Amino acid sequence: MTRITTVPERISSTRLAREVVLHVDGLVVDYAGVRAVDGIDFEVRRGEVFGLLGTNGAGKTTTLDVLEGFRAPTSGAVRVFGVDPLVERDRISPRMGIMLQDAGFFEDLTVRQTVRSWRRFYARPRGVEETLQMVGLEHRATVRVKQLSGGERRRLDLGLALLGHPEVLFLDEPTTGMDPEGRHRCLQIVRDLVEEGLTVVLTTHYLEEAEQLADRVAIMHRGRIRTQGTLDEVLAAHRTSVIRFELDPARVTEAALTALMWSPGAHVQRSATTTAVSIDSADPQADLGRLLAAADRTGVALDALTVTRSSLEDLFLALADEAAPTQGVPA
Ligand code: ATP
């Protein structure tokens, strides 16, 4: 029987920080004429949290399916712990924890019975009570699964994914439906385990979650990775700041507005009462100087003037805007 790695026995994450746990090389996946994943490459090292972000239908879940050994690539190669996860699934699955978007439970079992029955899949699983306590379900232990709320089901999913002391954890939108306390607890559990060397691949639509948890992110759109790196790298490689201000439309001429919007990164949103301008800027100090000079020259008052760093969310929206359709592309 395959030996399960337990947390205390796991080799220190510092020593193994450079070990590649997941390797994706030119991955392409087609579904009956639709190219869901269109040639992506990335690596995840031990102890890292890798955030796979993207629009609906970008190909994130398909990528996880391949990494988890549930689906064959159309072309390209994937390695998990150095082996093909499809071919060697039985051997490596005890080292993986998987939290699917929609796990199938036996609805009539209680929460405790569910955890107890899942323990049979592992050689040295966590204890039932420890697992329930970890995900905050100890007070729901005797409740049938079908009576759980959506957020409680996600907690149960997380508990089951962690049952076998996994070395790599796949989280597909783990906190969808969780209340703020559940989300906070889920992130804290993952953070604590990462400290002990757990490797995590996370897909999420909550960008602040990726900002809080992920060491590196990749942003996918229509099957391709549009950008990847550490959060700082990703943000630095794209626009880094946004200058925003508002104008009174009754007091600003079109000529003055044109002078204030010299930058190619300027966008305007007009309503009956306000003209709101934002300028994406890689050099906010210089651009702010030009803006203030233009305002002086044209005699325009800039209301609510702010300069903020671009968030991951700004970047995500910009990349998603680049091409409108969000469905897979024809293969
Ligand atoms: P979301 O954020 O909405 O969950 P995703 O990034 O996880 O999306 P996938 O679920 O991987 O995206 O889907 C990628 C593309 O492949 C989409 O166009 C989807 O419609 C298509 N697709 C996914 N599964 C299948 C399937 N079993 N058969 C045919 N097409 C599929």
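This is a predicted model: local features need pLDDT of at least 70, side-chain atom pairs count only at pLDDT 80 or more; totals for chains, interfaces and linings use all residues.
Residues are numbered from 1 along each chain as its sequence is written, and side-chain values use heavy atoms, with hydrogens and water left out.

Pocket next. A pocket is an open set of points on a 1 Å grid over the protein atoms alone, with protein on both sides within 12 Å along at least five of seven lines; a cavity is a set where a 1.4 Å probe fits but cannot get out; lining residues have an atom within 4 Å of a point. Points are joined across faces, edges and corners, and volume is the space filled by probe spheres set on them.

The largest pocket holds about 420 Å³. Its lining has 18 residues, and nearest the centre lie Arg89, Met96, Ile98, Trp118 and Tyr122. Two elements give two or more residues each: β5 (96-99) and α5 (150-162). Helices (H or I, at least four residues) and strands (E, at least two) are DSSP runs numbered from the N terminus. β5 supplies the largest share, 4 residues. By class, that lining is 13 nonpolar, 3 polar and 2 charged.

Now α5 again, with its partner. α5 and α6 (residues 180-195) pack at about 10°, axes 11 Å apart. Axes are lines fitted to C-alpha atoms, for helices over the stretch in contact, and angles run from 0 to 180 degrees between N-to-C directions. So α5 is roughly parallel to α6, a label for angles under 35 degrees. Who touches whom? From α5, Arg155, Leu158 and Leu162 meet Glu181, Gly182, Arg185, Cys186, Ile189 and Leu193 in α6, contact being heavy atoms within 4.5 Å. That makes 5 nonpolar, 1 polar and 3 charged residues.

Last, the cavity. There is 1 of 30 Å³ or more. The largest cavity has a volume of about 40 Å³. Its lining is Val135, Arg155, Leu158, Met178, Gly182, Arg185, Cys186 and Ile189. α6 gives the most, 4 residues.

Key: Ala, Val, Leu, Ile, Met, Phe, Trp, Tyr, Cys and Pro count as nonpolar, Asp, Glu, Lys and Arg as charged, and the others, Gly among them, as polar. Angles under 35 degrees count as roughly parallel, over 145 as roughly antiparallel, 65 to 115 as roughly perpendicular and the rest as oblique.
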